[in-house]
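Here's a walk through one model, from a metal site out to a helix, some ring pairs and the cores. Have the viewer open as you read.

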Amino acid sequence: MLVTTDILFKEAVNSDYAIGAFNISNREFLVAIVLAAKESNSPLIIQVSESTVKFLGFDYISHLIGYADKFSENIPIVVHLDHSRRLETIVGAIRAGFTSIMYDGSHLPFEENVESTREIVKISKAVGIPVEGEIGKIGGVEEHIKVKEDEVIYTSVEEAVRFYELTGVTSLAVAIGTAHGMQKKNARINFQRLEEIHSKLPDVPLVLHGSSGVPKEDLKTAIRFGIKKVNIATELKMAMADGIKRILDGGAIEPRDYLNEGIENVKREVLNNIEILGSADRV
Ligand SMILES: [Zn+2]
């Protein structure tokens, strides 16, 4: 059952769990993620990046969204546009049936980020779609967006508060030490900074990007300090590749066989994350 992110946040904000936001590259990821949501009775967010939009096209994605809506039955799920920087993509996503979007203006100077985010919020909220904004600069590689280590900017507390008040975003992605695309769990979160932001914005759902690189215990701590959406992409790609490789190495050529193994692996990974985030049985 498709819902908007604010519905999920309303429940999560005053509770002790976070919602997993899992990226998809194709139908198989979507199937795996929805199966995990149903099995654990967990609300969750399915994320589509701009690169995946380019890869699949909005026509096909709009069918996938319809499929996800039916296939998820009574489990509330969101389909969210991840890291978008282009108005055409955002409007295209809303037309295709997305129920949440992220506008990433973090590459712009503060005032311009505020200005452009506010513009997107105005358009998006007019049709009832919540917006996630980003303040600070998260490191690593997110498909076509690269941020080198010396370009990473931790979110400042004062800017986070001003950004939230001026833009009207629903949720806020913060840069607190994680990086996109990490295949090892050695990211170090600046908990002090996170705690300061959370104490100034206690009712605002904060979003953690690059969570594949975060040790599980640290994820639990981050949830205590206001992280309500946890983005996971790299871990799922690794799980899909591992499953497919295992079957292909055995000499199989039937896509249904190796894709099903990939789906099983991704589903297991999503279930592990749901367990860590504490979102099972929250429907
Ligand atoms: Zn991200």
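## His-83 and the zinc site

Let's start with His-83, which counts as buried because its relative accessibility is 4% (buried is under 20% relative accessible area, exposed over 50%, partly exposed in between, with a 1.4 Å probe and protein chains only). His-83 sits in strand E3 (helices, H or I of at least four residues, and strands, E of at least two, are DSSP runs numbered from the N terminus). Its phi is positive, about 45°, though it isn't a glycine. For context, most residues other than glycine have a negative phi.

Keep in mind that this is a predicted model: local features need pLDDT of at least 70, side-chain atom pairs count only at pLDDT 80 or more, and totals for chains, interfaces and linings use all residues. Residues are numbered from 1 along each chain as its sequence is written, and side-chain values use heavy atoms, with hydrogens and water left out.

What coordinates the zinc ion? The donors are His-83 (NE2), His-180 (NE2) and His-209 (ND1), at 2.0 to 2.1 Å. A donor here is an N, O or S atom within 2.8 Å of the metal (3.2 Å for Na, K and Ca), and water is not among the atoms, so sites may look incomplete. Along the chain the donors are spaced H-x96-H-x28-H. His-83 in E3 (residues 77-84) and His-180 in E9 (residues 179-180) link distant parts of the chain, 97 residues apart. Both His-83 and His-180 are buried.

## Helix H4, face by face

H4 has 14 residues and spans 19 Å from first C-alpha to last, close to the 20 Å expected at 1.5 Å a residue (the expected span is 1.5 Å times one less than the number of residues). Its buried residues include Ile-61, Leu-64, Ile-65 and Ala-68. Down the axis of H4, the buried residues fall within an arc of 105°, so they line one face; the arc is taken from the directions from the helix axis to the C-beta atoms.

That buried set packs against H2 (27-40), E2 (44-49), H3 (50-56), E3 and H5, where contact means heavy atoms within 4.5 Å. Turned away from the buried side of H4 are the exposed residues Asp-59, His-63 and Lys-70. Just after H4, Glu-73 takes a positive phi of about 50°.

## Aromatic pairs

The structure has three aromatic pairs (rings of Phe, Tyr and Trp, using the six-membered ring of Trp, with centres within 6.5 Å; planes under 30 degrees apart are stacked, over 60 edge-to-face, the rest tilted). In one of them, the rings of Phe-58 and Phe-98 are 6.2 Å apart at their centres with planes at 90°, so the pair is edge-to-face. Phe-58 is in H4 and Phe-98 in the loop between H5 (87-96) and E4 (100-103), so the pair ties together parts 40 residues apart in sequence. Phe-58 is partly exposed at 22% relative accessibility, while Phe-98 is buried at 2%.

## The cores

Phe-98 turns up again in the largest nonpolar core, which has 74 residues; Ile-33, Leu-44, Phe-98, Leu-172 and Val-270 have the most contacts inside it. A core is a set of buried Ala, Val, Leu, Ile, Met, Phe, Trp, Tyr and Cys residues joined through side-chain atoms within 4.5 Å. H2 gives the most to this core, with eight residues. A second, separate core of nine residues includes Val-3, Phe-9, Ile-45 and Val-78.
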